[in-house]
Amino acid sequence: MAGREYHLGMQPSRTGAPSRPAPAASPDPGDAADALALDPRRVAVAHRLDPRIPATVPGFDRPFFQAGLAGYSDSAMRRVARALGSPFCVTEAILDRALVEPGWKLDPAELFAADASDLPLAVQLIGSQPAEMAGAAVRVVELARACLGDQATGRLVIDVNLACPVRKVARKRRGGHWLAAPSGAIELLRAVREALPPDLPCTVKLRRGSDDSPAAEADFLRVFEGAYALGYAWATVHARSVEQAYRGPSQWRFLRRLVQAYPDRLIFGSGDIWTAEDIFRMLGWTGVAGVSVARGSIGNPWIFRQAAQLMAGEAPRKPDSREQRRVLTQHLDLALGLKGERAGSRHMRKIAGGYASLHPEGDRVRAAMFRAQTRSDWQAILERWYPG
Ligand SMILES: Cc1cc2nc3c(=O)[nH]c(=O)nc-3n(C[C@H](O)[C@H](O)[C@H](O)COP(=O)(O)O)c2cc1C
């Protein structure tokens, strides 16, 4: 990658977003108090998937998925999530230029596995120029064909990021910037849609607005309606504002109002999903058709299996030590294979907190993981803390 990051490298410290805070209650009762009164098990068992989801993306057969997470949702994390039940995944936001400018060296192997094990997949693009975004979208399709041949047909989605709140990103007229510039946002969406074959689904990631003003909500609605009018299959709405970044709750009430106002639209929700139960609280309380699982999945891919268990009427099962070891080993092998030993080890240290928190001696395990620099350091941690 020639030392240049092609994804946003959005780190918790820069966004002010703790990757895994301990929520007092989820969702925040101030916004959706009665969501806490719902029985997520009943919602899960009774849930019927909106048939438009698998009709749009064959294989997307459960109402939740691995969210795009810059710096996290690489193919290693995605494959671990899939193995535990996520039917669909979103890449990190990829800067359009990384795909169309010669100086950028995006390694296709980081985007696409050599086989179908990372499908169906949404490749998420972020950018500021309609022509560049369109060119990048076309390039993604070419790369998918080159890496996967016919296997990618019907299992690839292009997702447009109009949500990223990082100031540096918005200043460059990317991501969340566009929610305050609806005409430009629609041009961007149009350019991407028109550049791709009509049967290749496009989707969009939004926040609920640039801030809390009525003008911001009107701008949001223009972009939201504009996306569907252009043929976008769904919008995933993170119910925090751009200004809010990650402070305060995701306003599920906004999602509920949106679903009530647009009952025929396929709308997915995002924000404050920390447990498998939260997925069904959001589905049941807001009426969205699908739930994006973001920080709650970092170092806790079992959230997907637990959600599937709830749907099957079973009690969600926590992974025992043997299973934690197996999945951590799988994640490590994939991450070190993808990024190399040193960079992969550094990368895994970011995710370690989540994995360690499932361990009875979480603090000590976390401290050991934060020091790991090589494969043998990780091996020693596994032997010491996850015996057997
Ligand atoms: C570190 C970090 C990186 C993120 N990167 C992306 C991204 O690349 N694309 C995207 O659509 N959303 C991204 N998000 C937003 C999440 O997908 C999600 O919408 C947000 O975290 C709210 O969900 P949560 O409160 O359940 O975590 C990111 C969030 C965090 C914390």
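Colleague: Why is R173 called partly exposed?

Modeller: The relative accessible area of R173 is 38%. Buried means under 20%, exposed over 50%, and partly exposed in between (1.4 Å probe, protein chains only), so R173 at 38% is partly exposed. This is a predicted model, in which local features need pLDDT of at least 70 and side-chain atom pairs pLDDT 80 or more, while totals for chains, interfaces and linings use all residues. Residues are numbered from 1 along each chain as its sequence is written, and side-chain values use heavy atoms, without hydrogens and water.

Colleague: Where does R173 lie, and is its phi positive or negative?

Modeller: R173 belongs to the loop between α9 (167–171) and α10 (182–195); helices are DSSP runs of H or I with at least four residues, and strands runs of E with at least two, numbered from the N terminus. Its phi is positive, about 60°, although R173 is not a glycine. Most residues other than glycine have a negative phi, and most peptide bonds are trans.

Colleague: Which peptide bond is cis?

Modeller: The bond joining L119 and P120 is cis, with omega about -5°. P120 sits in the loop between α7 (108–111) and β4 (121–126).

Colleague: How do you know that G175 counts as buried?

Modeller: G175 has 0% relative accessibility, which is under the limit for buried, so G175 is placed in that class. G175 lies in the loop between α9 and α10. Leaving aside neighbours within four places in sequence, G175 is in contact (heavy atoms within 4.5 Å) with I126, G127, N161, L162, A163, C164 and V169.

Colleague: What makes a set of residues a nonpolar core, and how many residues has the largest one?

Modeller: A nonpolar core consists of buried Ala, Val, Leu, Ile, Met, Phe, Trp, Tyr and Cys residues joined through side-chain atoms within 4.5 Å. The largest has 81 residues, and F112, L125, L162 and F224 have the most contacts inside it. Its largest share, eight residues, comes from helix α8 (residues 130–148). A second, separate core has 29 residues, including M77, A294, V327 and W378.

Colleague: Why does D74 count as buried, and which side chains make polar contacts with that of D74?

Modeller: D74 has 2% relative accessibility and therefore counts as buried. Its loop runs between β1 (64–66) and α5 (75–83). The side chain of D74 makes a polar contact of 3.2 Å with the side chain of K339 and another of 3.4 Å with that of H347. A polar contact is a pair of N or O atoms within 3.5 Å; within protein, one must be able to donate a hydrogen and the other to accept it, and residues adjacent in sequence count only if both atoms are side-chain atoms.

Colleague: Which residues come nearest the ligand?

Modeller: Of the 21 residues around the ligand (a heavy atom within 4 Å), A70, Q124, S270, D272 and R295 come nearest. D272 is buried, because its relative accessible area is 11%, and its phi is positive, near 65°. D272 lies in the loop between β8 (267–270) and α13 (276–286).
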